[in-house]
Amino acid sequence: MQLKRKLIRSAGALLSAVSLCIFGTAGYYSSRLPSSVTIEPAATLKIAEYPEISCSVSPEAIMQTAGIFPETKQVTLTLFGAIPVKNVSVTEAEPPVLTTGGYPFGIKLLMDGVMVTELGAVTDSGGRTSCPAEEAGIMTGDIIKSANGEALISNSRLQEIISQSGGKEVSLTAERSGHEFTVSLKPVFSQKNNMWRGGMWVRDSVAGIGTMTFINKETGEFAGLGHPICDSDTGELVPVYSGEAVPVEITEAKKGEKGIPGELRGSFSKGVYGVLEKNGSCGIYGRLTDEGMAELCSDSDEYVMGYRQDITTGEAEIYTTVHGSTPEKYKIEIESIDFNSKEVTKNMVIRITDKRLIKESGGIIQGMSGSPIIQNGKLIGAVTHVFVADPTRGYAVFAENMFSLCASEQ
């Protein structure tokens, strides 16, 4: 009897241990697998990074998600076809065929409004100091869209309106974190400058160098950078009024070192590739001219866009330019994939393994953002950030994130 009890207890303990192991394993996969994916029509969902995971039902048996998104379906992912680990939303769509970038391009942006980059005190004739902008409720990073009802696209025009106010209040309409508001600014006469001042410094344009990621030949649209353009002083996303993408000749790749990011340096060339239309969360978007299309697409490779589940850790390549204006291929390794990253531009960690690129640039450097990543014959992402402590490593964004925002945010 005592032996029987021991056997029962041992069996119970073993069963508990197995149950904990199963639930622990399911939890491990659930936290790492994507919550939603897009697949080709009638395709069976497979996660390349986890070949042991399979779809528990056939595409024909997938039930449509009730109500909200009729084109979205639900499937259950299982471990070895037996242990359910996660329910996933599935959308069917043909992946686009995209022309690879890797080309450096100059960015000339005129802001939609003017951005407040700094506040400062104004000293009047009596020696009193104050900051009219701050007293009116203006903060660094605000976008001033209009003054006295007049739309603003230049620093000089705002300065004119304030300096010609004669001390009368100026009505300013501004935007902060997507919310618009109106304030009244009371200018102060500056003894030093002999003019009416508002106590703020503003910026109306941005210029820089980035790398083009892909071109959609069907629409003429292109995307680059893989991350938004933010103001260097405020860190705020720059709203676009108008802009141009222009050719660039890279003259130097200043090498990155531990703690010091490198930089692509070059000069803007004559001509225009196209117009810039949107500064989005996953990059800068625009539309090429016919001449720009002919120049950039004639000798460029084309790839089907890979969805996130197509990506695996391991070898891949990037197209980038570190001298002149012609992209070259370089070897990299995808070290990790985060299917559920809270930061939309940091989906993968990559490492430069190509000795040529490390010799020329030290790894990933500023201006290289947007360099397309190719793996297994598909365009799967773009370089976005460098690890300052290790220039050979950095982040990358999923290509499908860039493409979906290109389509939805225009």
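Biologist: Buried means under 20% relative accessible area, exposed over 50% and partly exposed in between (1.4 Å probe, protein chains only). Is Phe214 buried or exposed?

Modeller: Phe214 is buried, at a relative accessible area of 1%. Please note that this is a predicted model, in which local features need pLDDT of at least 70 and side-chain atom pairs count only at pLDDT 80 or more, while totals for chains, interfaces and linings use all residues. Residues are numbered from 1 along each chain as its sequence is written, and side-chain values use heavy atoms, with hydrogens and water left out.

Biologist: How many aromatic pairs are there in the whole structure?

Modeller: The search finds eight. Rings of Phe, Tyr and Trp (its six-membered ring) pair if their centres lie within 6.5 Å; planes under 30 degrees apart count as stacked, over 60 as edge-to-face and the rest as tilted. Phe189 and Trp196 make an edge-to-face pair, with 5.3 Å centre to centre and 75° between the planes. Phe189 is partly exposed at 30% relative accessible area, and Trp196 is partly exposed at 24%.

Biologist: And what sort of pair does Phe214 form with Phe403?

Modeller: The ring centres of Phe214 and Phe403 are 6.2 Å apart and the planes stand at 50°, so this pair is tilted. Phe214 belongs to strand 16 (residues 200–216) and Phe403 to helix 6 (residues 399–408), so the pair ties together parts 189 residues apart in sequence. Helices (H or I, at least four residues) and strands (E, at least two) are DSSP runs, numbered from the N terminus.

Biologist: Which residues of helix 3 are buried?

Modeller: In helix 3 (residues 155–163), Leu158, Ile161 and Ile162 are buried. Viewed down the helix axis, the buried residues fall within an arc of 95°, so they line one face of helix 3. The arc is taken from the directions from the helix axis to the C-beta atoms.

Biologist: What do they pack against?

Modeller: The elements packed against the buried residues of helix 3 include strand 7 (104–119), strand 10 (143–147), strand 12 and strand 16. A contact here is heavy atoms within 4.5 Å.

Biologist: Which way do strand 12 and strand 13 pair?

Modeller: Strand 12 (residues 170–176) pairs with strand 13 (residues 179–185) in the antiparallel sense, over seven bridges; pairing requires that DSSP finds at least two bridges. Glu175 stands opposite Glu180 of strand 13. Their hairpin has two residues between the strands, and Ser177 there takes a positive phi near 55°. Strand 12 also runs antiparallel to strand 10, to which four bridges join it; Ala174 is the bridge partner of Ile144.

Biologist: Changing topic: how many disulfides does the structure hold?

Modeller: Zero, where a disulfide is a pair of cysteine sulfur atoms within 2.5 Å. Cys131 is buried at 8%, and Cys297 is buried at 10%.

Biologist: What is the average pLDDT of the protein?

Modeller: The average is 86, and 88% of the residues score at least 70. pLDDT is the predictor's confidence in each residue, from 0 to 100.
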